[in-house]
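Dear colleague,

I am passing on the structure below, together with some notes that I would ask you to read beside it.

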Amino acid sequence: MKIKNICCIGAGYVGGPTMAVIAQKCPEINVTVVDINESRIAAWNDDDVNNIPIYEPGLSNIVGEARGRNLFFSTDVDAAIDQADMIFISVNTPTKTYGIGKGMAADLKFIELCARQIARVATTDKIVVEKSTLPVRTAEALRNILDNTGNGVKYQILSNPEFLAEGTAVDDLMDPDRVLIGGDIDTAEGAEAVEALVDVYAHWIDRDRILTTNVWSSELSKLTANAFLAQRVSSINSLSELCEKTGADVNEVAKAVGMDRRIGSKFLQSSVGFGGSCFQKDILNLVYIAKSYGLNEVADYWEQVIIMNDHQKRRFAANIVKTLFNTVSGKKIGILGWAFKKDTNDTRESAAIYVVDYLLNEQAEVVVYDPKVKPEQIYADLDYLNTRPEAENRASVTIVDNSHEVAEKAHAVAVLTEWDEFIELDWSKVYDDMLKPAFLFDGRRLLNRAEKEQIGFEFYAIGS
Ligand code: UDX
Ligand code: ADP
């Protein structure tokens, strides 16, 4: 079975880049990415490819090459579903903020809406691919809706979790460690559907890196991969606090430990805390699933990863207050970086949101600069926490478009995202512009301590 038309529902951080790369690598397949968000689709269709809604190194060029040829962005969801042989579901699955499982379980309402829309519209057989990260056994719910509300059309449901990391999405898609495809491999129709998706990826990825499993293994593997990665960050962050107390340096420890090939050196960079749309959500999901099977020890084990991460963000903020003579009330604190990591404009669960919220509770005046995040996003992130009236967030937080304004008469400056440009700042000028003593807090271990102390800063870095 050869796939000719792909539809992807959801033009976000996962759907957009993934479909752009599939379209570029498979010129004979038409790929249509649809979304209910009109302004997002308009941005994907902007004449200037630099204005696409997602910042990812290399992505604009790929969109420029494929768009209009075999890559299309549209709000006409029904038409794209109707024409497709294969439909990727790539909508958001946030943590539930209400009802059963509040604060833990994934909210599947967007997935369910997609399933019902597919069932309503489809008149020919479809392969439906779960691309969003989902709790184990979601495919079963999808199948139930499709089989019971559809027009007698046959569906095959596949799980194809995406492992790309933001900021390196294009490289990760071009050269993935593995592609995972879960399907009903014990039936002829299921195996055929899996093979059809394998063929799509085989346009540019070696077949021995394309793994096929049953659906449940695929779903659980995605949660497990993210849980393991987040656990490494929390593990090294837990030791960063011990290093600060004892005189060890967390980078030296990470290097020594990571050179053991059994452990490996990646994901041992101590930081102000992990963010992003996946780690926390997926672990909470894992915890919720474990609890729902009565596996309380399993749930508690993974929950510690989140507890440690929350602690890391809080203690970083608390250290700023403590160091500034136990009060930041009315003091100007400059924040460098708002995105959850460098090279992305995504701010979901960014540590910066929580650090700044803490500082605002202590009545600080905060000035923020991030090279890619828009001001309205920063205010929206703070408003979403609902800690204080929206007007107060606007009165206490100023957003500027360059690093140097952040430093102007500031009592302290904190680096919260590891953007390369912060390494190259004219730090002597930053120092001159600040009030003295000039406190500098490095939440990313980005800056050289000796150089900064030489300039005159009172320098604090995570884990040293
Ligand atoms: C993650 C997974 O890596 C990816 O496979 C999955 O598809 C989605 O979730 P992402 O959240 O985009 O990707 O970025 P990642 O590079 O994993 O970083 C997550 C967070 O951990 C960031 O806030 C990052 O700054 C932090 N981090 C990462 C550290 O603090 N230290 C590290 O050593 C690595
Ligand atoms: P991710 O990081 O998982 O890609 P995003 O929030 O960036 O998540 O993108 C998800 C996209 O899915 C959003 O642009 C949202 O508007 C879109 N979406 C959600 N529900 C639907 C739906 N029923 N039909 C079409 N698009 C949807």
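The notes that follow take the conventions, the domains, the ligand shell, a pair of strands, a helix and some backbone features in turn.

This is a predicted model, in which local features need pLDDT of at least 70 and side-chain atom pairs count only at pLDDT 80 or more, while totals for chains, interfaces and linings use all residues. Residues are numbered from 1 along each chain as its sequence is written, and chains are lettered from A and ligands numbered from 1 in the order in which they are written.

The protein chain is assigned two stretches, domain 1 (5-213) and domain 2 (218-464), with bounds that come from an automatic or database domain assignment. Taken over C-alpha atoms, the centres of domain 1 and domain 2 are 31 Å apart. Between them, 25 residues of domain 1 are in contact with 22 residues of domain 2, where contact requires that the C-beta atoms of two residues, placed from the backbone, lie within 7 Å. On the side of domain 1 that touches domain 2, helix H6 (138-149) and strand S7 (179-182) each supply at least two residues, and S7 gives the most, with three residues. Helices (H or I, at least four residues) and strands (E, at least two) are DSSP runs numbered from the N terminus. By class, that side of domain 1 holds 15 nonpolar, eight polar and two charged residues; here Ala, Val, Leu, Ile, Met, Phe, Trp, Tyr, Cys and Pro count as nonpolar, Asp, Glu, Lys and Arg as charged, and the others, Gly among them, as polar.

Around ligand 2 there are 21 residues, of which Gly-10, Gly-12, Tyr-13, Val-14 and Val-91 come nearest, a residue being near a molecule or strand if its C-beta atom, placed from the backbone, lies within 6 Å of it. Helix H5 (residues 109-121) contributes the largest share of this shell, three residues, and the shell as a whole has 11 nonpolar, eight polar and two charged residues.

Strands S5 (residues 126-130) and S6 run parallel and are joined by five bridges, where pairing asks that DSSP find at least two bridges between two strands. Within this pair, Lys-126 stands opposite Tyr-155 in S6. The chain passes from S5 through H6 to S6 in a right-handed β-α-β crossover, meaning that, with the strands pointing away from the viewer, the path from the first strand over the helix to the second runs clockwise.

Some backbone features remain. The peptide bond from Lys-436 to Pro-437 is cis, with omega near -5 degrees, and Pro-437 is found in the loop between helix H18 (427-433) and strand S13 (439-442). Lys-409, which is not a glycine, has a positive phi of about 55 degrees and sits in the loop between helix H16 (403-407) and strand S12 (412-415). Lys-409 counts as exposed because it has 10 C-beta neighbours inside 10 Å. Arg-445 likewise has a positive phi, near 50 degrees, in the loop between S13 and helix H19 (449-455), but Arg-445 is buried, since 21 other C-beta atoms lie within 10 Å.

With kind regards

Technical notes: A residue is buried if 20 or more other C-beta atoms lie within 10 Å of its own, exposed if 12 or fewer, and partly exposed in between; C-beta atoms are placed from the backbone.
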